[in-house]
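Subject: Structure for you to look at

Hello,

Here is the structure I said I would send over. Please open it alongside the notes that follow.

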Amino acid sequence: ASAATELSMALVAAGFAYGAELRCVQTRAFVEIIPKVRDIRRTGSAAADLCWVADGRLDGYFEAGLHAWDVAAGQLIATEAGAVLHGLGDEVPNGELYAMSAPGISADFAALLRSAHRSS
């Protein structure tokens, strides 16, 4: 995983859910997230994004509405590379929010995601 330590310099990826209602909620969260990170990318593949977190191309990734088959392989690779797994709050990720980040920004990234999803 990357050696990022400043959230404001973090390049993160995000995915959007298929359902229009959830995409609207996600868009409202983006309004809070975008000014606090360097930039956001959208590739369309949770597995690829997680591998990019593992190799340091991305500093973080988040998405809602994922299933185990969307993330299983990428999560293993990213975790083995030192990335940190997040959900909302202290709980493990579920369909509500799934995120991984570089260890140096993990606490700040998790706090930002919690705040953004609470206010959306």
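**Sheet, helices and pocket**

V84 is placed opposite S101, a residue of β5. This comes from a predicted model, so please read everything below with that in mind.

The two strands concerned, β4 and β5 (residues 98–101), pair in the antiparallel sense, with three bridges between them. They belong to an open sheet of five strands, ordered β2-β1-β3-β5-β4, in which the pairing is mixed. The edges are taken by β2 (39–41) and β4 (84–86); each has a single partner strand, so one side of each is left without a neighbour in the sheet. On average, neighbouring strands are turned by 20° against each other, direction ignored.

Two helices to look at next:

- Helix α2 (residues 46–54) packs on the sheet and touches β1 (11–14), β3 (60–63) and β5. The direction of α2 makes about 155° with that of β3.
- Helix α3 (residues 68–80) also packs on the sheet, where it touches β4 and β5. The direction of α3 makes about 25° with that of β5.

What is the lining made of, by class? Seven of its residues are nonpolar, five are polar and four are charged.

Regards

Methods: Residues numbered from 1 in each chain as written. Predicted model: local features only at pLDDT ≥ 70, side-chain atom pairs only at ≥ 80, totals over all residues. Heavy atoms only, no water. Nonpolar A, V, L, I, M, F, W, Y, C, P; charged D, E, K, R; others polar. Pairing = 2+ DSSP bridges. Helix = DSSP H or I, 4+ residues; strand = E, 2+ residues; numbered from the N terminus. Axes fitted to C-alpha atoms, helices over the stretch in contact; angles between N-to-C directions. Contact = heavy atoms within 4.5 Å.
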